[in-house]
Amino acid sequence: METTSERFRESVAAAIRDDELKGAMSKLTSALRPKRASAVAGLPEFDQLRDHGIAIKMHTLDHMDTYLARFEDNVIANGGHVHWCADEASARQTILDLCRQHNVRTVTKGKSMVTEELGLNAFLDSHGILPLETDLGEYIIQLRGEHPSHIIAPATHLQREQIADTFRKSHAHLDANRAMDTAESLTEEARQELREKYGAADAGITGANFMIAETGSTIIVTNEGNGDLTQTLAKVHIVVASLEKIIPTMDDAGVFLRLLARSATGQDMSVYTTLSSGPRRAGDLDGPDAFHVVLVDNGRSAMLGGSEREMLRCIRCSACLNHCPVYASIGGHAYGWVYSGPMGKVLTPSLTGLDKAKDLPNASSFCGKCQEVCPMRIPLPKLMRNLRVKQTEMKMTSWRQRILLFLWSSLASRPALYRFVTGAMTKILAGLAGRKGVFRWLPLTGGWTKMRDLPAPEGGGFFARYDASRKENN
Amino acid sequence: MTTSSGSSQKKVTVGLFVTCLIDAMRPSAGMAALRLLETAGCEVVVPKDQSCCGQPAWNSGDINSARKAATPFLDAFDTCDYVVVPSGSCAGMLAHHLVDLFDGSGDTHAQKQASSIAAKTHELTSFLVDVMGMKTPPGKTGARIAYHDSCSSLREMQVSAQPRALLKAAGADVVDLDKADTCCGFGGTFSVKYGDISGTMSDDKAADIEGKDPDMLVAGDMGCLMNIAGRLSRRGSSVEVRHVAEVLDGVMEAPPIAGPRNTASGRPEE
């Protein structure tokens, strides 16, 4: 997928003026934050479960090659096929080749962020294969020609009225006067539209929340059941998954499933947990004739050996997005690529290049809420700071920032001089501010004063008062 | 005022790290912190060789500038028993990041000093309560006070109950914000570099505060205070904004942060 992260500032400026987005974001955070909190409070061993999950992930990252090879062996033993793809172009081509090999004309899709990385829908479409998203949120944004704004709630940037408008335009064959004022009526309409499409599709493409090395199985979790229909009713099931989704055993999956749903939506478990272990066997009631797993690297191996390695622990629960005040202010699209929120601020520069996403690791107040709620305790602020250090080392920061930090640190390293200069400056500023006590504007502070007054200093530094008070006492 | 430390014991030596923002913007809060520590029975030294802990450069990814700024600090606080900071953010920098900052510098002496400082650094209110056992502060107030937790205080320094307990003991009616654990949007240079986002966050915080109709908004971090006071002032709010040390100390001669001044020089009239 093309990235627009380079235009972050423009996107933010537009997002902040968007009142519908503001309403939608406020609904998302007010719904999901308390749900996670009560789910975590309801499981006393949640923190131990986190530690257990982290230990499994760290072990798996240390032995990723071994577990991926074991996974491949077991998929083949189950009658499936594994395709290794180094980058997005080779993954797209592999999926297209598989579709052609199986004479596929239409594809149903379960929600998958890695296929967003590949820009798969547009690619298949341009080669005469019709992809149809079956997750409700994905279906809505596909109709609107948009990209997901959230990794588990792709249409969370939309209000109900906007979705009703989209359905009225897209489902023109339905009664124009039908009631569409509840979430239930919208869901039911999408369900009826989608239901007949599953059986008619030639292939189902899903992602994977986890790949299990010991059994060669893949797992997806959904709340709508669309994933099951996508992968069992079509002749061919193609799983697209990035390398870090590998875990060693089925028991390990139990740990992650319990963490994932609680962290994401505050559920104990997602409504559907669906395992795929190869094509339909003799005697099976249903299942695909062919089973393919497309393993996508697309930058993960490089991360494994780099300073962003801890990011590969991410299980895509979205807790960091849901709790991030920056995400709540600007929504997901402003981040410019597939992933948004704090995890996107680390993942996007790591996968698309730091030069194409300069603002992302910087646009954080380092409040630390993301790390606090992350089930994998990924130190997101630290990883963002590491990326800032890289930018400084690569001279990607602005000349203004470099000069200001140089001057400031030179001054701060000479405390007596520093005090003389800051003491004089604060007196001048206090005098300029006068009785108002604030500035509406000052040179170089436009970013601050656009929405806030700048409090004036009291005037004179601390040490002048301290010295005076000591003299008084002696 | 009562503390659990007996007067016969040798006084602990506390190095007060004033912080660059209090030094420049709000000396009154620094003087209040000093008096509070003395009232609690500490021998307070204020080393002259202090300026800044290096956090602005550290968070900008400029390690060299951060080391340069923080270096005088290492010697200045070498000999005191504790380093106490009227800011959760600067305390967090010292307690959790200073070691990382000098890690890889090749300067083993500086690394040793950094670890020693990290181990003895405390945020002001948590030091008063947890270490000195302060129960009742010298200041008295009947104000309805909304207390704002800075993110660093809350998540890096585990400060939350201590300032509230002291404010209540001073007589304040302490009210909790609906989104008490959500960032106010300050974030150091973030507030200027990404003014749109930071300003939006500060507006959410200001609305939360105004909804509680307090007389005063109090916090332990000058950065948050300037940010919140700046947004409240722009919204035309009448809520007074002050550093927690001023309220606990009880000397509130200085006009509130971002509040109008009695005299053009900013100092209260004699």
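Visitor: Hi! Where is the place of Q113(B)?

Guide: Hello! In this predicted model, Q113(B) sits in helix α6 of chain B, which covers residues 108-120.

Visitor: Which residues is Q113(B) in contact with, leaving aside neighbours within four places in sequence?

Guide: With those neighbours set aside, Q113(B) is in contact with L74(B) and D78(B).

Visitor: How far apart are Q113(B) and V159(B)?

Guide: In sequence, 46 residues separate Q113(B) from V159(B), and in space they are 25 Å apart, C-alpha to C-alpha.

Visitor: Let's switch to chain A. How many helices and strands are there?

Guide: Chain A has 22 helices and 12 strands. Its C-alpha trace spans about 95 × 60 × 45 Å along the principal axes, and buried residues account for 49% of its 474 residues.

Visitor: Into which domains is chain A divided?

Guide: Domain 1 of chain A runs over 5-301 and domain 2 over 413-473. The C-alpha centres of these two domains of chain A are 54 Å apart.

Visitor: What about helices α9(A) and α10(A), at what angle do they pack?

Guide: Helix α9 of chain A (residues 160-170) packs against helix α10 of chain A (residues 183-200) at about 30 degrees, with the axes 11 Å apart. So α9(A) is roughly parallel to α10(A), as angles under 35 degrees count that way.

Visitor: Is the crossing of α9(A) and α10(A) left-handed or right-handed?

Guide: The crossing is left-handed.

Visitor: Nice. Which residues meet there, between α9(A) and α10(A)?

Guide: From α9(A) come R160(A), I163(A), A164(A) and F167(A), and they meet A183(A), L186(A) and E189(A) of α10(A). By class, that contact of α9(A) with α10(A) has five nonpolar residues, two charged and no polar ones.

Visitor: Now the two chains. How many residues does the contact take from chain A and from chain B?

Guide: The contact takes 56 residues from chain A and 66 residues from chain B.

Visitor: Which elements give two or more residues to the side of chain A that touches chain B?

Guide: Among them are α1 (8-16), α18 (380-393), α19 (399-412) and β12 (454-455) of chain A. The element that gives the most to this side is α20(A), with six residues.

Visitor: And what is the make-up of that side of chain A by class?

Guide: The side of chain A that touches chain B has 25 nonpolar, 21 polar and 10 charged residues.

Notes: Residues are numbered from 1 along each chain as its sequence is written. Chains are lettered from A and ligands numbered from 1 in the order in which they are written. This is a predicted model: local features need pLDDT of at least 70, side-chain atom pairs count only at pLDDT 80 or more; totals for chains, interfaces and linings use all residues. Two residues are in contact if their C-beta atoms, placed from the backbone, lie within 7 Å. Helices (H or I, at least four residues) and strands (E, at least two) are DSSP runs, numbered from the N terminus. Ala, Val, Leu, Ile, Met, Phe, Trp, Tyr, Cys and Pro count as nonpolar, Asp, Glu, Lys and Arg as charged, and the others, Gly among them, as polar. Axes are lines fitted to C-alpha atoms, for helices over the stretch in contact, and angles run from 0 to 180 degrees between N-to-C directions. Angles under 35 degrees count as roughly parallel, over 145 as roughly antiparallel, 65 to 115 as roughly perpendicular and the rest as oblique. A crossing is left-handed if the near helix is turned anticlockwise from the far one by less than a right angle, and right-handed if clockwise. Domain bounds come from an automatic or database domain assignment. A residue is buried if 20 or more other C-beta atoms lie within 10 Å of its own, exposed if 12 or fewer, and partly exposed in between; C-beta atoms are placed from the backbone.
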